[in-house]
Amino acid sequence: MSVATGIALWRGAPYANVAFIVFMAAWYTIRTWLTDPKPPEVIQERDRSRERLLAGAVGIGMVVIPLVTLTTPILDFAAYRALPAQYLFGGISAIAGLFVFYRSHADLGSFWLAHLELREGHTLVTQGIYGQMRHPMYTAIFLITLAQALLLTNWLAGPTGFALFGLLYAFRVGSEEQMMADQFGAEWEAYTSRTPRLWPRIRA
């Protein structure tokens with residue numbers, strides 16, 4: 001990311017704004033810092049080929065295309081001038097997304113997974129932010145990709161992460177919840193009955 005930043009600033013990329021670059025660096029740092037280098041062994045996996053394809057597409061949308069956009073002029077033709085409020089809302093979305101992302105990673109610990117998998121000793125995490133919503137990691141990435149769309153001022157590269165992650169979510173969430181139901185049974189059913197999927201309930 002530091003190399004991409006230097007190249008973007010050197011070539012005067014129209015979307016080499018500090019807000020987007022700092023935001024992306026913070027996201028990579030959290031992911032690297034909180035990912036367990038020696039997690040428990042995977043004991044069950046579902047839809048392996050589809051999962052790898054979808055995760056790869058999201059990686060392209062959230063990492064590869066932004067880096068290519070910053071470091072090369074390939075997509076400069078799609079650059080545009082942002083509205084002032086765009087950076088405000090993009091910054092709010094970035095901060096909220098990074099906070100939820102951090103809390104999700106920290107509360108899951110070694111049971112964080114990039115695919116539809118279960119690990120040895122896997123338990124149903126219902127404390128912390130998981131007491132407010134069932135899939136806060138998805139919430140975080142929706143907010144992060146929304147921030148990308150607002151802060152990376154390019155009609156093609158900006159919204160690509162959001163679009164591809166939305167596709168992953170649509171294909172995955174039903175299968176993931178079925179896997180949880182199969183594994184945890186009544187405990188999962190009780191959890192879903194009191195906890196919304198993506199957004200916490202607003203209590204009066």
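## Helices H2 and H4

In helix H2, the residues Phe23, Ala26, Trp27, Ile30, Arg31, Trp33 and Leu34 meet Ala94, Leu98, Phe101, Tyr102, His105 and Ala106 of helix H4. A contact here is a pair of heavy atoms within 4.5 Å. Sorted by class, this contact between H2 and H4 holds 11 nonpolar, 1 polar and 1 charged residues (Ala, Val, Leu, Ile, Met, Phe, Trp, Tyr, Cys and Pro are nonpolar, Asp, Glu, Lys and Arg charged, and the others, Gly among them, polar). The axes of the two helices, H2 and H4, come within 10 Å and cross at roughly 5 degrees, which makes H2 roughly parallel to H4. Axes are lines fitted to C-alpha atoms, for helices over the stretch in contact, with angles from 0 to 180 degrees between N-to-C directions. Angles under 35 degrees count as roughly parallel, over 145 as roughly antiparallel, 65 to 115 as roughly perpendicular, and the rest as oblique.

The model is predicted, so local features need pLDDT of at least 70 and side-chain atom pairs count only at pLDDT 80 or more, while totals for chains, interfaces and linings use all residues. Residues are numbered from 1 along each chain as its sequence is written, and side-chain values use heavy atoms, with hydrogens and water left out.

## The nonpolar core

The largest nonpolar core contains 46 residues, and those with the most contacts inside it are Phe20, Phe23, Trp27, Phe101, Tyr130, Phe165 and Trp188. At least two residues of this core come from each of H2 (18–34), H3 (48–71), H4 (84–108), H5 (136–151), H6 (157–184) and H7 (186–194). H6 gives the most, with 9 residues. Such a core is a set of buried Ala, Val, Leu, Ile, Met, Phe, Trp, Tyr and Cys residues joined through side-chain atoms within 4.5 Å. Helices (H or I, at least four residues) and strands (E, at least two) are DSSP runs numbered from the N terminus.

Phe101 touches Trp27, Ile30, Arg31, Met137, Ala140 and Ile144, when residues up to four places away in sequence are not counted.

## H5 against H6

H5 and H6 have axes that come within 7 Å and cross at roughly 165 degrees. H5 is therefore roughly antiparallel to H6. The crossing of H5 and H6 is left-handed, meaning that the near helix is turned anticlockwise from the far one by less than a right angle (clockwise would be right-handed).

On the H5 side, the contact involves Tyr138, Ile141, Phe142, Thr145, Leu146, Gln148 and Ala149; on the H6 side, it involves Ala157, Gly158, Pro159, Gly161, Phe162, Phe165, Gly166, Tyr169, Arg172, Val173 and Glu176. By class, the contact of H5 with H6 has 11 nonpolar, 5 polar and 2 charged residues.

Gln148 lies in H5 and counts as buried, because its relative accessibility is 1%. Buried means under 20% relative accessible area, exposed over 50%, and partly exposed in between (1.4 Å probe, protein chains only). Leaving aside neighbours within four places in sequence, Gln148 is in contact with Phe20, Phe23, Gly61, Met62, Pro66, Ala157, Gly158 and Gly161. Gln148 and Ala94 are 54 residues apart in sequence, yet their C-alpha atoms are 8.0 Å apart in space.

Gly161 is in H6 and is also buried, at 0% relative accessibility. Beyond residues up to four places away in sequence, Gly161 touches Gly61, Met62, Thr145 and Gln148. Its C-alpha atom is separated by 28 Å from that of Arg119, which is 42 residues away along the chain.

## H6 against H7

H6 and H7 pack at an angle of about 130 degrees with their axes 6 Å apart, and are therefore oblique to each other. Glu177, Met180, Ala181 and Phe184 of H6 make the contact with Ala186, Glu187, Trp188 and Glu189 of H7. By class, the contact of H6 with H7 has 5 nonpolar, no polar and 3 charged residues.

## Other residues

Gln86 is placed in H4 and is buried, at 12% relative accessibility. Phe171, in H6, is partly exposed at 44% relative accessibility. Phe171 touches Arg50 and Leu54, with residues up to four places away in sequence not counted.

Asp47 lies in the loop between strand S1 (42–45) and H3. Its relative accessible area of 35% makes Asp47 partly exposed. Phi of Asp47 is near 50 degrees, a positive value in a residue other than glycine. Most residues other than glycine have a negative phi.
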